[in-house]
Amino acid sequence: MSALSAERATGTARWSDLVDAVRDAGQYASTAEAEQVARVVLSALGGHVIGDERVDLARALPEEAARLVASRIPLNKPLAAPEFVESVAGRIEGATPATARWHVSSVLSVLPKLVGDELVDRVLARLPSGYALLFGKAELAPAA
């Protein structure tokens, strides 16, 4: 069981644990770089998650991460996944669309272990298609 999974089970996940998981997932050279990326991505995500999922996500995250999510005013219509990645690229100095996708995935892919698959699936159900891959999950197409 990973440190994040164990802490999720006990409800004791800390900001530093989240940043460490992001650093590992993104193979960042420093904790400071992983922390900056986590702040930008979580803040951007906060504008896209609405309703009960937003409240539940904030409750499930460490306090610092919850503030980043909750501090953003929700958008009327969430961006499509590629536009979301582009918006993150515009917030990280020197980021390209490819590096921004790496950054976004490095942060979002650690959330299922931290907050649980059920909550992430609920969040994904409210977002446009394309976000699942950013969370490290398969994008299942509805049956025709």
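This is a predicted model: local features need pLDDT of at least 70, side-chain atom pairs count only at pLDDT 80 or more; totals for chains, interfaces and linings use all residues.

Trainee: How many helices and strands in the protein chain?
Mentor: The protein chain has 10 helices and zero strands. Helices here are DSSP runs of H or I with at least four residues, strands are E runs of at least two, and both are numbered from the N terminus.

Trainee: How much of the chain is buried?
Mentor: Of the 144 residues, 44% are buried. Buried means under 20% relative accessible area, exposed means over 50%, and partly exposed is in between, with a 1.4 Å probe and protein chains only.

Trainee: And what is the accessible surface?
Mentor: About 7500 Å², with 54% of that belonging to carbon and sulfur atoms. The areas come from the Shrake-Rupley method with a 1.4 Å probe, and for residues only the protein chains shown count as cover.

Trainee: What share of the contacts is between residues 24 or more positions apart?
Mentor: Among contacts with a separation of 6 or more, 66%. Contact means heavy atoms within 4.5 Å.

Trainee: Switching to helix pairs. How do α2 and α3 cross?
Mentor: The axes of α2 (residues 15-26) and α3 (residues 31-46) come within 9 Å and cross at roughly 100°. That makes α2 and α3 roughly perpendicular to each other. The axes are lines fitted to C-alpha atoms, for helices over the stretch in contact, and angles run from 0 to 180 degrees between N-to-C directions. Under 35 degrees counts as roughly parallel, over 145 as roughly antiparallel, 65 to 115 as roughly perpendicular, and the rest as oblique.

Trainee: Which residues make that contact?
Mentor: From α2, W15, L18, V19, V22 and R23; from α3, T31, A34, E35, A38, R39 and L42.

Trainee: And by class?
Mentor: The contact of α2 with α3 has seven nonpolar, one polar and three charged residues. Nonpolar covers Ala, Val, Leu, Ile, Met, Phe, Trp, Tyr, Cys and Pro; charged covers Asp, Glu, Lys and Arg; the others, Gly among them, are polar.

Trainee: What sits in the loop between α2 and α3?
Mentor: Q27 is found there. Q27 has a positive phi of about 55°, although it is not a glycine. Most residues other than glycine have a negative phi. Q27 is also exposed, at 65% relative accessibility.

Trainee: Back to α3. Which of its residues are buried?
Mentor: A34, V37, A38, V40, V41, L42, S43, A44, L45 and G46. Their cover includes α2, α4 (51-60), α5 (63-70), α6 (81-89), α7 and α8 (111-115).

Trainee: What about G46 itself: buried or exposed?
Mentor: G46 is buried, with a relative accessible area of 0%. Beyond neighbours within four places in sequence, G46 is in contact with R54, V69, R72 and P74.

Trainee: Where is H48?
Mentor: H48 is in the loop between α3 and α4. H48 is buried, at 6% relative accessible area. Apart from neighbours within four places in sequence, H48 is in contact with L75, P78, L79, F84, L127 and Y131.

Trainee: Now α7. How far does it reach?
Mentor: α7 has 12 residues and reaches 16 Å from first C-alpha to last, close to the 16 Å expected at 1.5 Å a residue. Expected span is 1.5 Å times one less than the number of residues.

Trainee: What do the buried residues of α7 pack against?
Mentor: They pack against α2, α3, α6, α8 and α10 (131-134).

Trainee: Start with S106. What does it touch?
Mentor: S106 touches V22, A25, G26 and Y28, not counting residues up to four places away in sequence. S106 is buried, at 3% relative accessible area.

Trainee: And S105, what does that touch?
Mentor: S105 touches L133 and L134, again not counting residues up to four places away in sequence. At 16% relative accessibility, S105 counts as buried.

How values were computed
Residues are numbered from 1 along each chain as its sequence is written. Side-chain values use heavy atoms; hydrogens and water are left out.
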